[in-house]
Amino acid sequence: MRRVFPKLKIYGGTLDHVPDSTDGVNDKDVLMFNRLKFTAMWTPGHTRGHIVWRLSGEEFGVADSIFSGDHLMLAGCGAAFEGSIKQMINSLELLNLLPPETLVWPGHEMGLENLELAAYIEPDNIDTILKLVWATSRRDLMLCTCPSRMGEEKRYNPFLRTRDPQLWKALGIHEKIKNAAPPLEQSDIGVLCFDWIVERGSELRRAKRALSERERDTSPAGNKTAVAIQTRVPHQEDGENAYYMVDLSTDHDIFPDSATDSVPEVDHLKT
C-alpha cells in the first residue's frame, strides 16, 4: 500500500511494532478523521500490544462501535499468543464495561463455530441457542453474522461470563471455585474458566471427528440425519410445544422434530 500511496499513514500499536507503520498508537490515543472519532483501547492478550478501536457514534446519534480485531469475536475470543491468559481475561473485563448497545465488529467471521461451542457448554442457555439458530440460517444464506452487540455477548459469550456461577456449573468447576482455600481471586477464576472452555472446545472437536468416522443413521423426520451431538430449541407450533433440533456435529444442519423445515426468526437478537 505504501508503495502505491507513499504518503499513506499507517497506525499501529507501539508495543507490537507493526511493520511499515508510520505512527505509533498507545492506550487512550484519539484519532480524528473528519467527524469520525476513534479511541485506542489497549487490550493485551492475543498480542502484547493488541489495540481495539472504539468508534464514537455520538456525533451521528447512534451507538458506538468497537473494531475488536483478534481479541473479542462473536461468542468467543482470540488465542493468547504473546500475552497471558490472565491478560486476555483482564482485557475482556475492560470490554465488559462498554454499554450494551455497543456494536462489535471482530476481525474474523467465526460466529457459528463459537456459538456451537457455547451451546455445547450450555445447552440450556436459550440466548445461545436462539443466536445459534439465527447464525446457522445466516451462514446457509452465505451472509455475515456480524456485528453483534455487547449486551448480547454478555449473555452468550462464555469468555465474557467468567464471573457467572451458571457458567461455572456448566463447566463443572462450581464446587472447586466455591470451596477453594484460600478463596480464588477473580482473575484466577477467569483463567480457570478459560482453560475449561478451551478443553470443552477440544472435546467437541474430538466428538465431531469420531462422528464423521462412522456412517450417520437416517432420521425418520424430514429426510435429515440423526446425530449424536444435538440440543433442542423449544418453540410453539400450531399451539403445541415442539422443538428445533440443533445439530452441533456439522456446520449447517438445523431441523425440527416435526416435518416442517422452517427456521424461527430471532428478531430480538438481530443487529
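**View 1. E1 gives the most to the lining of the second largest pocket, with 3 residues.** Strands here are DSSP runs of E with at least two residues, helices are runs of H or I with at least four, and both are numbered from the N terminus. This is a predicted model, where local features need pLDDT of at least 70, side-chain atom pairs count only at pLDDT 80 or more, and totals for chains, interfaces and linings use all residues. Residues are numbered from 1 along each chain as its sequence is written, and side-chain values use heavy atoms, with hydrogens and water left out.

Strand E1 (11-13), strand E5 (51-55) and strand E6 (65-69) each put at least two residues into this lining. Look for Tyr11, Gly12, Gly13, Asp16, Val18 and Val25, among others, plus Gly49, His50, Ile51, Trp53, Phe67 and Gly69. A pocket is an open set of points on a 1 Å grid over the protein atoms alone, where a 1.4 Å probe fits, with protein on both sides within 12 Å along at least five of seven lines; lining residues have an atom within 4 Å of a point. The space in this second largest pocket is about 160 Å³, a volume being the space filled by probe spheres set on the points, which are joined across faces, edges and corners. Sorted by class, its lining has 6 nonpolar, 5 polar and 1 charged residues. Nonpolar covers Ala, Val, Leu, Ile, Met, Phe, Trp, Tyr, Cys and Pro, charged covers Asp, Glu, Lys and Arg, and the others, Gly among them, are polar.

**View 2. The largest pocket holds about 440 Å³ of space.** Its lining counts 22 residues, and Cys77, Met110, Asn114, Leu117 and Arg205 lie nearest the centre. Strand E8 (76-77), helix H2 (111-121) and helix H7 (186-212) each supply at least two of the lining residues. H7 has the largest share, with 8 residues. The class tally for this lining is 10 nonpolar, 7 polar and 5 charged.

**View 3. Two prolines follow cis peptide bonds.** As background, most peptide bonds are trans. Between Cys146 and Pro147 the bond is cis, with omega near 5 degrees. You'll find Pro147 in the loop between helix H3 (126-140) and strand E10 (148-149). The bond joining Ala181 and Pro182 is also cis, with omega about -5 degrees, and Pro182 sits in the loop between helix H6 (174-178) and H7.

**View 4. Lys28 and Ala75 both have a positive phi.** For context, most residues other than glycine have a negative phi. Phi of Lys28 is near 75 degrees, and this lysine is in the loop between strand E2 (23-25) and strand E3 (30-33). Lys28 is exposed, at 63% relative accessibility. Ala75 has a phi of about 65 degrees and belongs to the loop between strand E7 (72-73) and E8. Buried means under 20% relative accessible area, exposed over 50%, and partly exposed in between, using a 1.4 Å probe and protein chains only.

**View 5. Zooming back out, the chain has 7 helices and 13 strands.** Of its 271 residues, 44% are buried. Among contacts (heavy atoms within 4.5 Å) with a separation of 6 or more, 57% join residues 24 or more positions apart.
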